Amino acid sequence: MVSTESILAFAAMSLLVIVIPGPSVLFVVGRALAYGRRTALETVLGNVVGCYLAVIAVAWGLGALVESSAAVFTGVKLAGAAYLVHLGVQAFRHRGDMRVTDMAAPARAQRGDLRTILDGIFVGVTNPKGIVFFAAVLPQFVNHSAGHLPLQMMVLGLVPVTIGMITDTLWGLGASAARSWFARSDRRLSMVGGAGGLAMIGLGVTVAATGRAD
């Protein structure tokens with residue numbers, strides 16, 4: 001079905017794109033700063049699921065629609081951007097609720113596990129750049145003569161999703177470690193939580209302002 005050569009070539013191309021920090025990295029870092037390691041890791045999990053749902057959508061034709069329709073692209077982009085801004089505003093508003101004494105379980109206290117994962121899924125699946133990237137790149141690595149093209153693209157899609165999961169996890173752990181260093185006083189912890197919220201708001205605005213790469 002999918003050759004080893006195709007998988008390796010697609011992995012190399014995906015790595016080149018993923019190693020440059022993008023929306024998913026900034027989102028995970030913002031959540032790590034605002035809520036801590038547990039929330040960051042749950043965000044990574046949700047984002048991985050969301051990205052793979054985008055792969056499935058591309059494999060079954062939605063990616064081509066998003067890529068070809070300016071209206072659909074704009075709708076998906078603005079939905080994701082608005083949600084990022086909403087999450088950032090919530091984090092910034094509640095920055096004063098953070099206390100050093102709550103650091104033992106920050107994610108449980110401030111974000112439900114399921115809700116955190118669902119947040120990550122929504123952001124991952126509404127990332128129009130991810131959908132367009134998959135739509136433009138995945139078809140180049142499938143074996144058309146072998147048939148079962150959607151299945152081949154779903155298999156290939158596991159490659160960038162796995163790479164992204166590893167790199168995003170490292171970013172999340174690094175950011176949460178920095179947060180722990182700041183958490184020696186309630187004031188500094190509140191400041192770093194607010195910074196995480198502002199980072200998510202800025203990311204949402206950036207996504208909204210980004211045009212199509214035509």
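This report describes the helices, several individual residues and one surface patch of a predicted model.

**Overall composition**

The chain holds 10 helices and 0 strands, so that, read from the N terminus, its elements run α-α-α-α-α-α-α-α-α-α. Of its 214 residues, 43% are buried. Among the contacts that link residues at least 6 apart in sequence, 87% join residues that are at least 24 apart. The accessible surface of the chain amounts to about 10300 Å², and carbon and sulfur atoms account for 69% of that area.

**Helix α1**

Helix α1 covers residues 4-18, which is 15 residues, and it reaches 20 Å from its first C-alpha to its last, close to the 21 Å expected at 1.5 Å a residue. Within α1, the residues S6, F10, S14 and I18 are buried. These four lie on the same side of α1, because they cover an arc of only 90° around the axis. On the other side of α1, by contrast, T4, E5, L8 and L16 are exposed.

S14 belongs to α1, and it counts as buried because its relative accessibility is 1%, where the cut-off for buried is under 20%. Leaving aside residues up to four places away in sequence, S14 touches P160 and I163.

**Helix α3**

Helix α3 spans residues 37-59 and includes N47. With 23 residues, α3 reaches 33 Å from its first C-alpha to its last, close to the 33 Å expected at 1.5 Å a residue. The helix is followed by G61, whose phi is positive, near 110°.

N47 has a relative accessible area of 4% and is therefore buried. When residues up to four places away in sequence are not counted, N47 touches S24, G120, I121, V123, G124 and D168. V49 is also placed in α3, but at 34% relative accessibility V49 counts as partly exposed. The C-alpha atoms of V49 and F122 are separated by 9.2 Å, although the two residues are 73 residues apart along the chain.

**Accessibility of selected residues**

The table sets out the residues for which a relative accessible area is discussed in this report.

| Residue | Relative accessible area | Class |
|---|---|---|
| S14 | 1% | buried |
| N47 | 4% | buried |
| V49 | 34% | partly exposed |
| M165 | 35% | partly exposed |

**A nonpolar patch and helix α9**

On the surface, L41, M165, I166, L170 and L173 form a nonpolar patch, and together they have about 430 Å² of accessible area. Helix α9, which covers residues 149-182, supplies the largest share of this patch, namely 4 residues. M165, one of the patch residues, has its place in α9, and it is classed as partly exposed because its relative accessible area is 35%.

Technical notes
Residues numbered from 1 in each chain as written. Predicted model: local features only at pLDDT ≥ 70, side-chain atom pairs only at ≥ 80, totals over all residues. Heavy atoms only, no water. Helix = DSSP H or I, 4+ residues; strand = E, 2+ residues; numbered from the N terminus. Buried < 20%, exposed > 50% of the residue type's maximum accessible area, 1.4 Å probe, protein only. Contact = heavy atoms within 4.5 Å. Expected span 1.5 Å × (residues − 1). Arc of directions from axis to C-beta. Patch = residues over 30% accessible without salt bridge, like charges linked within 9 Å, V, L, I, M, F, W, Y side chains within 5 Å. Areas by Shrake-Rupley, 256 points an atom, 1.4 Å probe, with all protein chains shown as cover. Salt bridge = Lys/Arg side-chain N within 4 Å of Asp/Glu carboxyl O.
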